[in-house]
Structures are given as C-alpha cells and as structure tokens.
Amino acid sequence: MARAAGGFQEEQFWEACAELKQPKLAGANWELLIEALGICVYRLWDQETGLYKYKVFGTLKDCPPALLIDVYMDLDYRKQWDQNVEELYERRCNGQTVVYWQVRYPTLMSNRDYVYVRERRDLDVEEQKVYVVLAQSTSHSQFPERSGVVRVKQYKQRLAITSDGRKGSKVFMYYFDNPGGQIPTWLINWAAKVRSPEVGGDVRMTNVDSARGAVRLKRLAVSGLMRLFYEVAWLSDYG
C-alpha cells in the first residue's frame, strides 16, 4: 500500500475525496445530529472511548475552495481569529509537518494540547480540484508533555474541499477527539450536542479585517470555517 509524504497512506487521501461525492454512512449507526445552514452533522458512538465520532457534510456559500483551504492551513492567521488558541505553531520533523496546539479551557479546567501530523494534497478529480488535509495525533521528542496541561493523545481529522459549482465550497470533514483528563464522557458528549446552536451572528475579527475586497473574502472563509467547526462544537478545540 503506497504511502504519501508524511506517512499517511495514499488511499486515505482518496477515501476522504470520495466522501465528498458519496457519503459513507451505511453499515454503521451514524445518527443525524444537526441539519442547518447547509450543513449536516452526523455522529457515531465509539464503544471503546464512550465518545462520538463525527462526519460533516455541506456547502459553504460564497467561500471559494482555494481560499477556504488556505485559511484553514494558515496557523498564524488562526491565532488572530480563534480566541481559544493559547499556543500554535508547526515544525518540520523527519520529513513530516508536526503541529503543536494548546487550547484554552474554562476556569478550573486544565488546558489541552495537541501534537499531530498533518498533510495537504491537491487532487485532480474529473477535471476538478479537490483539496484534502489529513491530521492525526502523534508523539515526538521535540514536543514533551507540559506540567499542568493535558496532552490529547487521540485526535484524528480528515477534511476535503472542492467547488460547489458556483462561488462556494462543498465540504466533507471527519473528526474524533478524546480530550482526556477527568472530564466525564457524558459531559463531553452533552456539550457537543447542545452547544452547536450557539453558532451564528457575526464573527469577531481583529482590525486587520476591517478592509474590503480580498480581506472581506477572508472574513467569509473564516466565518465558513467557524460555522463548520462549531456545528460539531468540539469542547476541546473550537469551543
């Protein structure tokens, strides 16, 4: 089985790409959790952890796919619009892109941090560009665990984006995250279910987004990403 640069299987990129065209929900007890604003969120209970896996399908209008994927990959820009980022950077380690990400948690709870590899591939499918990003947790000597911060050791994400045939993007995302620590599984699952209606309204941006033109498109991309992410309402990531 061929491996792409970074250690992911070549087939994994194409599997994520295929779900854009034909969602794989049959043969498992995937439950429709949310359907709103052009986004459908499904979840599947993971017996081993007691938590849920998520799949997201939908269309983000007025968000061009090339811009959407660039905003998603831009960690420096994320630190401007995601107020829950405590620390975020990436390094090249042994041919892989390794990301360190520390997330602020509510008062009386320890922050969580992630060490994960991610790779982007731009695929040509039936004369259409499809952008695919794979990410999963890893361990590396350059990123030791920190005192007072809980290391998330189970994290996996697949993201695929292509044009919706107009000015927007068609999106598929798979996500699983076990924040660990002493948070009860029922609380994590409850938060993931009830917090999603909080999405909506204006996205809070910094003054770098006050201009028009290309910057306005960037705002739309961020707004689209936030809607996509917050629909799943990850307690540990984008809460």
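Student: What makes N94 count as buried or exposed?

Tutor: The relative accessible area of N94 is 74%. Buried means under 20%, exposed over 50%, and partly exposed in between (1.4 Å probe, protein chains only), so N94 is exposed. Before we go on: this is a predicted model, where local features need pLDDT of at least 70, side-chain atom pairs count only at pLDDT 80 or more, and totals for chains, interfaces and linings use all residues. Residues are numbered from 1 along each chain as its sequence is written, and side-chain values use heavy atoms, with hydrogens and water left out.

Student: Where does N94 lie, and what is its phi?

Tutor: N94 is in the loop between β4 (85–93) and β5 (96–103). Its phi is positive, about 55°, although N94 is not a glycine. Most residues other than glycine have a negative phi.

Student: How do you know whether E127 is buried or exposed?

Tutor: Try the cut-offs again: E127 has a relative accessible area of 85%, so it is exposed. E127 sits in the loop between β6 (112–125) and β7, and its phi is positive too, near 60°.

Student: What makes something a strand or a helix here?

Tutor: Both are DSSP runs numbered from the N terminus: helices are H or I with at least four residues, strands are E with at least two. By that rule the protein chain has five helices and ten strands.

Student: Which residues line the second largest pocket, and why do they count as lining?

Tutor: A pocket is an open set of points on a 1 Å grid over the protein atoms alone, where a 1.4 Å probe fits, with protein on both sides within 12 Å along at least five of seven lines; lining residues have an atom within 4 Å of a point. C17, A18, L20, K21, V125, E126, Q128, V130, T162, S163 and K170 line the second largest pocket. Helix α1 (10–21) gives the largest share, four residues.
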